[in-house]
Amino acid sequence: MSALTKVLEEDIVRVESEKRNRISRDRFRLGYHIMPPVGWLNDPNGLCWFKGKYHVFFQYSPHSAQGGLKYWGHYTSKDLINWEYEGVPLVPDSSYDCHGVYSGCAFIEDDKMHLFYTGNVKLEGDYDYIIQGREHNTMYAVSGDGRHIYEKSCLMTNSDYPKHCTCHVRDPKVWKEGETYYMVQGARTKKDAGEVLLFCSDDLKNWKLENVITSDTPFGYMWECPDYFELEEIKILSVSPQGLKAQEYCWQNLYQSGYFKVQGDIKCDYKLENFTEWDMGFDFYAPQTFQDPKGRRILIAWMGMPDIRGMYENPTENTGWQHILTVPRELAVKNNKVCQWPVKELERLRKNPAVIHSDEKRIIESGMFDLISKIPEDAQSYQIQIGRDMEFTWNKETVQLSFNGDEGAGRKIRKARLETLNQVRILGDTSALEIYLNNGEMVFSTRYYPVKKEAEILIRSQSTDTIVWEMDGVSQQ
Ligand code: FRU
């Protein structure tokens with residue numbers, strides 16, 4: 001370990017121990033969602049199962065709740081419920097990543113965790129930082145436990161990316177097919193179009209450009225955090241595009257996250273089908289997936305958004321921390337639709353089931369709950385209110401999540417089209433709501449900041465069967 005690495009690591013241990021106690025008393029700390037020990041969190045990184053544990057790394061700025069220099073923080077879990085904080089294995093300690101250890105992935109082979117990420121370097125000078133002044137290096141690190149790195153090197157620099165790209169090429173995701181390794185990276189072209197670069201390699205170290213994947217007509221100026229996988233024969237290219245114009249029923253956040261179904265072969269002759277958003281709520285970005293030993297494809301996303309200042313906020317900034325991750329969601333194809341559902345393990349946190357009748361207020365003291373409404377086929381509408389200001393309604397083909405006051409901290413309204421509604425599941429945590437419709441065919445995720453700690457739930461929908469469980473909080477040490 002270099003002297004600089006040691007200094008950076010010790011500095012974080014100091015910052016964390018200074019701030020941790022005060023932050024842990026914040027009443028908006030979550031019961032069962034992953035959050036940063038202190039400071040700022042964004043994208044999930046390096047999701048994997050390795051040596052008997054799930055590993056979740058995340059973009060972490062421990063020094064400031066407003067973000068800043070990025071490190072990789074690290075949590076592990078044996079059960080996808082209880083999480084143990086393992087420290088900061090990747091720090092910006094080299095000339096290739098000195099301004100941020102940006103997003104990336106873990107690829108497991110030969111009992112080793114191979115980590116790929118973007119090393120961010122911002123040159124000093126009068127630059128636009130789009131076509132000049134920024135280095136995005138493809139970095140490689142190896143670990144035997146996820147906590148200690150014993151090899152770190154730069155595999156590609158901007159000169160290795162196609163000439164038509166700006167400096168913005170980042171967020172590698174690696175997988176293997178047959179004997180060949182593949183890597184996708186998100187890119188912004190000089191003509192301001194988002195695209196994905198596909199590389200291939202025989203040895204994980206030497207990479208060559210195999211294809212450039214993009215839409216027929218430009219779809220935003222940048223695609224961040226790409227991921228590619230097959231789900232029951234459906235080929236999915238997930239990206240987080242920036243620069244789409246908001247419409248009444250879609251693309252309402254500043255940036256989007258969604259997927260294209262891919263026809264053909266991304267290596268040569270492909271066609272991207274319509275883009276579907278992963279989540280219609282206020283707080284969702286940069287998802288990443290991995291396959292666990294049970295064969296499940298699990299998605300975790302940042303339950304937050306970049307650059308939201310002036311639109312909405314998170315009051316926890318004032319207590320020294322900000323943002324969380326979604327719960328792990330299992331992906332499955334149902335009626336040809338890609339659905340997301342909280343991993344089954346979370347049901348172990350349920351206790352004290354109770355029925356909720358329409359127009360009867362139910363209070364969950366801890367603010368943590370799991371609720372399922374079954375909606376009869378002939379129903380024309382459904383409405384649920386949580387806390388003082390949050391209202392979720394479905395009314396003949398339109399679903400709407402809205403906040404009518406301060407509890408949304410500036411969040412106002414998100415709408416989507418949905419022809420029929422037969423089921424609503426809501427995971428409520430102290431300051432987070434994940435709303436799953438029709439077995440996860442559509443999801444709305446949002447942060448909220450209720451005045452009272454307890455969750456007040458009120459349903460207005462005759463003949464709907466609703467059951468609610470309290471949820472236990474878990475340890476996140
Ligand atoms: C997405 C993103 C990534 C980048 C990381 C930096 O939120 O902008 O493209 O690698 O965050 O923190």
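## The largest pocket

S1, S5, strand S7 (134-143), S9 and S13 each contribute at least two residues to the lining of the largest pocket, where strands (E, at least two residues) are DSSP runs numbered from the N terminus. A pocket is, on a 1 Å grid over the protein atoms alone, an open set of points where a 1.4 Å probe fits, with protein on both sides within 12 Å along at least five of seven lines, and its lining residues have an atom within 4 Å of a point. The lining of the largest pocket comprises 38 residues, of which Trp 40, Lys 70, Trp 302, Pro 306 and Asp 307 lie nearest its centre.

## Basis of the model

This is a predicted model, in which local features need pLDDT of at least 70 and side-chain atom pairs count only at pLDDT 80 or more, while totals for chains, interfaces and linings use all residues. Residues are numbered from 1 along each chain as its sequence is written, and side-chain values use heavy atoms, with hydrogens and water left out.

## The ligand and its contacts

The space taken by the ligand is this largest pocket.

At Ser 103, a polar backbone atom is 3.1 Å from a ligand oxygen.

Terms used. A polar contact is a pair of N or O atoms within 3.5 Å; within protein, one must be able to donate a hydrogen and the other to accept it, and residues adjacent in sequence count only if both atoms are side-chain atoms. A molecule sits in a cavity or pocket if more than half of its atoms lie within 2 Å of its grid points. Helices (H or I, at least four residues) and strands (E, at least two) are DSSP runs, numbered from the N terminus.
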